[in-house]
Amino acid sequence: MVSLWKLTWDDENYYLIAYDEKSDCIKHYGVDKMKNLSVLDQKRIVKKHFVILIWRFLQSGLLVCMAEETRRSLCYVEMNWQGLFIDRFGKDVIMVPKGTDYFQVSTTVSISRQFFGWVTGVGEKLKIVSPKSVKEEYQKYLSEILEGYRKRDS
């Protein structure tokens with residue numbers, strides 16, 4: 001069961017944004033893929049926790065489950081890319097120059113495949129450095145993608 005929040009439009013598709021109480025996270029659903037829906041005669045879950053998740057969701061610009069977040073020294077990014085992080089995560093980003101070529105970014109991030117996809121899209125200009133568990137999870141994500149290509153090519 002999910003509590004509906006908003007219907008959105010992106011890239012010529014409708015998406016339903018909802019809070020999934022069982023998973024304790026915000027999810028998005030492609031409306032064109034939905035089947036067997038029913039309306040329950042129950043109040044929508046609106047609690048402080050949910051409102052905070054929605055706010056973070058909107059600030060991040062990423063359609064992600066907010067189940068695992070981290071705020072620590074997250075990555076090194078080449079200079080002149082500061083605007084990318086401010087655009088994505090808002091002004092609650094700490095950026096500290098590291099030499100003349102890079103700066104270190106610290107912000108609250110939901111660690112998910114969607115986040116890793118965004119990091120991958122930035123490319124070699126960005127490097128996750130900590131926490132170590134996130135760096136290792138990202139490396140595993142990339143390895144799984146490469147392995148998928150190797151299997152398809154053989």
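1. Ground rules first. This is a predicted model in which local features need pLDDT of at least 70 and side-chain atom pairs count only at pLDDT 80 or more, while totals for chains, interfaces and linings use all residues. Residues are numbered from 1 along each chain as its sequence is written, and side-chain values use heavy atoms, leaving out hydrogens and water.

2. The overall layout: the chain has four helices and seven strands (DSSP runs, H or I of at least four residues for helices and E of at least two for strands, numbered from the N terminus). Starting at the N terminus, the order is β-β-β-α-β-α-β-β-α-β-α.

3. Of the 154 residues in the chain, 31% are buried (under 20% relative accessible area, with exposed meaning over 50% and partly exposed in between, using a 1.4 Å probe and protein chains only).

4. Now look at α3, residues 113-122: Phe115, Phe116, Trp118, Val119 and Val122 are its buried residues. Down the helix axis they fall within an arc of 155 degrees (taken from the directions from the axis to the C-beta atoms), so they line one face of the helix. Arg113 and Gly121 are exposed on the other side. Just after α3 comes Gly123, with a positive phi of about 85 degrees.

5. What touches α3 from α2? Leu84, Phe85, Arg88 and Phe89 of α2 make the contact with Phe115, Trp118 and Val122 of α3 (contact is heavy atoms within 4.5 Å).
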